[in-house]
Amino acid sequence: MKKIFFIITALLPLFYVSCKNETSVNDGIISSSAGLNVANVNGEAWTDTEGNIIQSHDGIIKWQGKYYWYGIDYSHNLVNTGSDGNGFRAVKCYESEDLVNWKFKNNVLTANSSICLNQCDINNVRVVYNKNTGKFVMWMGYNTTFMHSTSLSLWTLRSTHNKLYLNANLCATANSPYESFDVQNSFFYVNGGAAVTSLFVDDDGTGYCMDWANYNNSWRLYINKLSDDFLSVESNTALLFPETYIGRTAIVKHNGYYYLFGAAFEGELDGGANSMSSADGWLDYHFTYFDYYRDSSVSVPKSYSGVRYCFAESLSGEWSGLLSLGKDYADYEFSDVIKVQGTDEVNYILTFNKWNTSDLSSSGYLWQPLMFAKETETFSRPYVADCSKITINAEKGTVKAE
């Protein structure tokens with residue numbers, strides 16, 4: 001597989017991606033105004049303006065003309081077992097004006113931010129702005145294993161606790177995207193225990209979370225309306241795709257349609273949350289999603305099969321089935337969609353993580369332009385463009401395929 005090379009030069013903040021076909025990863029160049037001569041390789045670890053490896057594999061938001069990128073500090077193993085105290089360390093935040101040069105700003109949440117963050121696991125960090133409260137709201141998956149403090153067998157844990165992990169959520173808020181966040185609640189359960197959550201804010205300011213959870217022993221993808229302060233779930237908006245593996249998700253609204261993108265996993269669940277099998281879906285998914293480095297003997301992950309999408313005219317309306325973008329990028333786990341909104345246009349970038357299972361702190365990234373092909377007056381089909389060159393100007397928000 002041919003890699004994409006990113007070279008930062010002293011030009012305008014433009015992002016070039018050269019594409020030859022949908023079966024290979026292709027050469028590309030990022031140019032920025034920062035005056036740095038640095039090579040970033042798609043699929044490999046990138047570095048910040050200080051030369052340190054960027055550890056941000058979660059969401060990106062834009063605020064007051066700058067982009068903020070969040071992710072977990074993987075400099076420790078994060079295995080929440082034994083007596084070494086390893087586990088969650090920090091959520092890191094980076095700042096950029098051009099989506100190329102990233103400056104480390106702050107560890108916005110740490111293990112010392114709240115007692116509930118001691119010896120726990122955090123995953124899938126998402127941050128959005130709440131115009132009702134003027135606060136930046138962070139959601140995260142929250143887990144603390146029973147295994148590290150008990151000698152009970154796997155079967156006993158399954159029959160008494162029904163799960164090895166909490167699969168809970170936690171919320172925190174801050175006054176700016178890069179200040180320290182304060183935990184606002186103890187951990188709580190969404191839809192009885194959601195393995196994954198993502199956030200979306202609609203044009204009217206209403207907040208939603210998407211999560212993959214068990215409903216009557218059947219796994220579904222939920223879309224839930226949030227409370228006015230975005231700190232809890234108010235009601236269920238949609239219940240989609242029973243018995244289907246759905247990982248990280250992201251929603252964008254384009255020309256009146258909602259498009260939901262999500263990581264897809266092959267196969268159906270084998271027994272739901274009540275199974276006594278060590279290959280139970282709950283464990284299966286938990287380990288597949290962000291625990292590649294954990295004890296593989298506890299669960300055999302399903303195969304990740306790339307990114308899929310679906311669409312609807314309203315969040316509560318009838319959604320299409322899961323569809324392919326053409327190229328699956330099965331070697332890269334789907335992460336998020338970046339909305340590049342400028343003075344002239346609005347465009348999108350599909351982002352992926354390339355996990356280094358031997359050293360998560362050195363994991364890499366793949367960014368590709370997300371295009372929309374016009375099919376009807378309103379509906380456009382999303383795809384990863386087959387193009388010779390893509391030019392993105394973050395200030396203008398333009399994305400040009402040549």
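How many aromatic pairs does a search of the whole structure find? In this predicted model, the search returns 27 aromatic pairs. One of them joins Trp46 and Trp367, whose ring centres lie 5.3 Å apart with their planes at 70°, so the pair is edge-to-face. This pair links distant parts of the chain, since Trp46 belongs to the loop between strand 4 (38-41) and strand 5 (60-63), while Trp367 belongs to strand 23 (residues 364-374), 321 residues apart. Both Trp46 and Trp367 are buried.

In the pair formed by Phe261 and Tyr309, the ring centres are 6.2 Å apart and the planes stand at 35°, so the arrangement counts as tilted. Because Phe261 lies in strand 18 and Tyr309 in strand 19 (residues 304-312), the pair ties together parts that are 48 residues apart in sequence. Phe261 is buried, with a relative accessible area of 0%, and Tyr309, at 4% relative accessibility, is likewise counted as buried. One aromatic cluster is formed by Tyr257, Tyr259, Phe311, Tyr348, Phe372 and Phe379.

The largest nonpolar core comprises 42 residues, and those with the most contacts inside it are Ile223, Phe261, Trp319, Phe334, Val337 and Leu350. Strand 18 (residues 257-265) gives the most to this core, contributing 7 residues. Apart from this core lies another, of 29 residues, which includes Ile61, Ile122, Val125 and Trp355.

Charged side chains also meet aromatic rings. Lys105 lies over the face of Tyr178, at 4.3 Å from the ring centre, and the charged end of Lys354 sits over the ring of Tyr332, 5.4 Å from its centre.

Key:
Residues numbered from 1 in each chain as written. Predicted model: local features only at pLDDT ≥ 70, side-chain atom pairs only at ≥ 80, totals over all residues. Heavy atoms only, no water. Core = buried A, V, L, I, M, F, W, Y, C linked by side-chain atoms within 4.5 Å. Buried < 20%, exposed > 50% of the residue type's maximum accessible area, 1.4 Å probe, protein only. Helix = DSSP H or I, 4+ residues; strand = E, 2+ residues; numbered from the N terminus. Phe/Tyr/Trp six-rings, centres within 6.5 Å; stacked < 30°, edge-to-face > 60°. Lys NZ or Arg CZ within 6 Å of the ring centre and 35° of its normal.
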